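I looked up the contacts first and the surroundings after them.

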Amino acid sequence: MIERHPDPLTLRHSSLTLDVPAIMGILNVTPDSFSDGGRHDAPAAALDHARRMIAEGADILDIGGESTRPGAPAVSAEEEWRRLAPVVEHVIALGCPVSIDTYKAETARRALALGASIVNDVWGLQRDPAMADTVAEAGAAVVMMHNREAADAGLDILADIDRFFENSMRLAERAGIARERQVLDPGIGFGKTVDQNFQVLNRLEELHKHGLPLLVGASRKRMIGAVLGVETDDRLYGSLAVHTIAMQKGAAIIRAHDVRPHKDAARMAAAIFREHV
Ligand code: HH2
């Protein structure tokens, strides 16, 4: 029996039940994200898109101001905040829990001050030494994602992920972030060969040994294009297939661009898990 995590994730002023896999809708306010770059970087368009994702059933909105796609230029904290500032407060006011996709403590601190609930750190608290304390002081939840500077085809990627997660969890514990506020993410598409992404997904259940909810984000990513030979805009069916398998293997949160189809898939998966409508 695959371990599922019915325990809710504790946010700052609320909690998120995970008995039905939660859908984290992606809101990139970047000019250059790999699939939706430039589409929602005008504040009004971003807000419209956020409203639409909430109407479609998003459980969390994940706002990012810096593209992490391979080769994307790094942006300063100032530039990141210049993009996020006109959007974050208004999106938070919509009432859906907001996560801030950043590895910079300064950006996280500013978003948390406006009421963000979760910090989504694609470097698992390991890039900015001030990040763990920033999360702890705000009483926020944290997504700790595995990452590497470069892929290494000769690496045992599952063992590397285990080591990375242990470091991240140590940093979280040292800062005083409660276990109920921690989520792990193997980081599909980050510092991995395409085949290593498939290996991680095929063996996802092994990551339950860390005892924390798992987030998976494969939406429209290159591994889907590699199999299907289709461009980013045409990767919804491939994304749904990957994410449905991840849910079957116990993923508690799915990060996706297309909320409605993923919400339907999560509700169907949950009905099967509980063997009841
Ligand atoms: N993937 C991306 C960004 N942030 N965060 C988590 N926790 N897990 C992920 O898999 C993940 C993430 C990359 O996707 P996207 O935001 O669509 O593109 P970009 O980084 O180009 O903005």
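I count a polar contact as a pair of N or O atoms within 3.5 Å, and I keep in mind that the model is predicted.

Entry on contacts. With that cut-off I looked up F34, where a backbone N or O atom lies 3.1 Å from an oxygen atom of the ligand. For N28 I noted a polar side-chain atom 3.2 Å from an oxygen atom of the ligand, while for N120 I found an N or O atom of the side chain 2.7 Å from a nitrogen atom of the ligand. I then checked the area: the ligand taken alone exposes 480 Å², of which the protein buries 98%.

Entry on the shell. I listed 18 residues surrounding the ligand, and the closest are S33, S67, T68, N120 and D185. By class, I recorded six nonpolar, seven polar and five charged residues in this shell.

Entry on rings. I searched for aromatic pairs and found zero in the structure. I did find the charged end of R127 sitting over the ring of W123, 4.0 Å from the centre of that ring.

Methods: Residues are numbered from 1 along each chain as its sequence is written. This is a predicted model: local features need pLDDT of at least 70, side-chain atom pairs count only at pLDDT 80 or more; totals for chains, interfaces and linings use all residues. Side-chain values use heavy atoms; hydrogens and water are left out. A residue is near a molecule or strand if one of its heavy atoms lies within 4 Å of it. A polar contact is a pair of N or O atoms within 3.5 Å; within protein, one must be able to donate a hydrogen and the other to accept it, and residues adjacent in sequence count only if both atoms are side-chain atoms. Accessible areas come from the Shrake-Rupley method with a 1.4 Å probe; for residues, only the protein chains shown count as cover. Ala, Val, Leu, Ile, Met, Phe, Trp, Tyr, Cys and Pro count as nonpolar, Asp, Glu, Lys and Arg as charged, and the others, Gly among them, as polar. Rings of Phe, Tyr and Trp (its six-membered ring) pair if their centres lie within 6.5 Å; planes under 30 degrees apart count as stacked, over 60 as edge-to-face and the rest as tilted. A charge sits over a ring if NZ of Lys or CZ of Arg is within 6 Å of the ring centre and within 35 degrees of the ring normal.
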